[in-house]
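Trainee: I am new to this structure. Please show me how to read its features, one at a time.
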There are 2 protein chains.
Amino acid sequence: MRDVSIIGIGQTPVGEHWGESLRVLGAEPVLQALQDAHLERVQALFVGNMLSGQLSRQENLGALIADHAGLRGIEAIKVEAACASGAAALRMAFLAVAGGTHDVVVACGVEKMTDAPSAETTRALVAAADAVYEGEHGLSFVALNALLMRRYMFEFGYRHQDFAEFAVNAHRNAVNNPNAMFRRAISAEAFASARMIATPVSLLDSSAIGDGAAAVVLAPTELAGASNSRAVRIVASAVATDSVALHERDDPLYPQAAYASSRRAYEQAGLGPEDIDFFELHDAFTIMAALSLEAAGFAPRGEGARLAMEGEITLQGSIPISTMGGLKARGHPVGASGLYQVVEAVQQLRGQAGANQLPDPRVCMTQSIGGCLANVITHILRRED
Amino acid sequence: MRDVSIIGIGQTPVGEHWGESLRVLGAEPVLQALQDAHLERVQALFVGNMLSGQLSRQENLGALIADHAGLRGIEAIKVEAACASGAAALRMAFLAVAGGTHDVVVACGVEKMTDAPSAETTRALVAAADAVYEGEHGLSFVALNALLMRRYMFEFGYRHQDFAEFAVNAHRNAVNNPNAMFRRAISAEAFASARMIATPVSLLDSSAIGDGAAAVVLAPTELAGASNSRAVRIVASAVATDSVALHERDDPLYPQAAYASSRRAYEQAGLGPEDIDFFELHDAFTIMAALSLEAAGFAPRGEGARLAMEGEITLQGSIPISTMGGLKARGHPVGASGLYQVVEAVQQLRGQAGANQLPDPRVCMTQSIGGCLANVITHILRRED
């Protein structure tokens, strides 16, 4: 297999883009990424998306977005893994380039969520859970996270306020990200007084849905060097799954897919948690961030939330997370978030993260979570120079 | 890249499976295919599906079906390309094995359509068209095919009855297929008197939706030989796209994606139309069959329907199509059809096609169409012995 590098990135601001259709939104970062890579054509496009069928009555986004981006004719396919759909598109693009089928491929994640009434969006999102054993019984996706969070608090002795720093950190970092949905800091006091959505998940434990799209261009590393000195290599790409329904797991606080996905990624890269300079994780809810930190080896079981309490997740901490705002404050257009994470990681690794720039980072892990930890997709990116 | 072979196949009968949930339906052919391949585990599962979000409020089918098939933990992702979703799943599995990422991978296509009221299914299927320029104006997917068929008849001088043999042939072949939805022959007279759905598309020009699932196991050819003497090699795997909306094409009767997909497949295989012993095509509508025959090089432009009129598409003809009933009579569970085609092709190539067995076929082309020829996925399979 060939080494693969990211040679172009693109992203739209996350927000309420009522004036832009799905195809316009999706094509924008594709064109940006091509421009960034100094390319006019690619050989294939993989589009990550979860909700366009339910919310926009539009499928076949591969062909649709390829065409609107001026790439009519190329191989183009949609990929779905619930909230990890963007990362799944990157995975497919990686397979195509690493395996030698194509030389230059775009992975794009796109989601348009705010045109629909929020009740409809909530209903659509439950499709990430188990429709028969969870959805049909009235559980929303937030409620599932609430069950997990409550158990975590009980099991490991946390108060709700102990999760504040996840939200505070994300919002602080979003202030300097022009593509973030919420560019304002919040205080721990604001977190404490936020209204509950599904106790103990409050408004500020939750990421906001939004419209957005992000894309990356991949090429073989040996070809990438010539075209772009800032190429970032993908040194690991790993997917693992679990049951979709929470109740079918032996221990819901030991998310097997997240542990397996992380382990596979470390094995591929020949690296360990100590080698990771920052971690773009899937903070759709604060409990997800805590569990992801544990599964990826940055904290022992039950200590993920403590890492946040102790300030280790900030830009100055030992393992910075959500460095451009994360899902929490950059916003969470579900099928696009997995690629926003990667685009932001590349910004950091290239030294293009502006006021949030980490000092000379070399290695980043990104982890995207589909459903309640049913599908976990992990990539490790390394700056090559 | 490594040579890839199909070492296991599985399928459920197509029909109205109201008693079986999506996961049960999807896991069944996966288990059959594993058994056929003499395997208990695989490394990845790619699931082709178009409608589960809209009709069952269930996404993340990769994780769901992997789990229900006893494969919890493996890489598992859903793939969508409208009505070509099953073929797209095969494409992804092919990329993973050919490229060396995995050794043993399952591609499964599954669709559950008959639980929903038919108006809802019709509405969901429009997602294969352009939602903004076609769907919102009230065009059903059948209506789009009617526009194409009417133009084809006008341009090349056909009467409606000239398409009869596509339906007659498919139904004749389905009689001997235990997995077919309609196991009864129809006459040219029945075709002539069938009621119109969207003129000139009649009931018997149209395939029937249904519930169904089919799966294949892939492995590197060099490993496949040891485990299964009946292995069938995938000598080409090609995807091409076009505009999603019909009106955006210079010539709607020259479907560029179908021509490009066929051409790419022939190039990969080093073969031409004269080398293909039979052709499992996407006869969702008779007009699709005619256009696919032309694009794949079996008839000149405007002559695809004539091939049927002249009896060349029967089991005894020069280019047999829909040898086990095709989408028309085996039934068309949209996201699964692309894999039914491949499973049936393997049955023929292995000599397991029963009363419909072709005499010693060696090479088959399968072609699956997403939307109105917006995404066309072609595979060429060759018996290795």
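Predicted model: local features only at pLDDT ≥ 70, side-chain atom pairs only at ≥ 80, totals over all residues.

Trainee: Which residue forms a salt bridge with Asp360(B)?

Mentor: Arg383(B), with the closest N and O atoms 2.9 Å apart. Asp360(B) sits in the loop between helix H14 (334-350) and S10 of chain B, and Arg383(B) in strand S11 (residues 375-383) of chain B, so the pair ties together parts 23 residues apart in sequence. Helices (H or I, at least four residues) and strands (E, at least two) are DSSP runs, numbered from the N terminus.

Trainee: Is Asp360(B) buried or exposed?

Mentor: Buried means under 20% relative accessible area, exposed over 50%, partly exposed in between (1.4 Å probe, protein chains only). Asp360(B) has 56%, so it is exposed. Arg383(B) has 13%, so it is buried.

Trainee: What separates Arg151(B) and Glu155(B) in helix H6 of chain B?

Mentor: About one helical turn, because they are four residues apart. Their side chains meet in a salt bridge (2.9 Å, N to O). Arg151(B) is partly exposed at 42%, and Glu155(B) is partly exposed at 38%.

Trainee: Why is helix H11 (residues 286-295) of chain B called largely enclosed?

Mentor: Because 10 of its 10 residues are buried. Those residues pack against several elements of chain B, including H6, helix H7 (164-174) and helix H10 (256-269). Just after H11(B), Gly297(B) takes a positive phi of about 90 degrees.

Trainee: What describes two packed helices?

Mentor: The angle between their axes and the distance between the axes. Axes are lines fitted to C-alpha atoms, for helices over the stretch in contact (heavy atoms within 4.5 Å). Angles run from 0 to 180 degrees between N-to-C directions. Here, helix H1 (residues 22-36) and helix H3 (residues 61-68) of chain B pack at about 65 degrees, with axes 8 Å apart. Among the contact residues are Val30(B) of H1(B) and Leu64(B) of H3(B).

Notes:
Residues numbered from 1 in each chain as written. Chains lettered and ligands numbered in written order. Heavy atoms only, no water. Salt bridge = Lys/Arg side-chain N within 4 Å of Asp/Glu carboxyl O.
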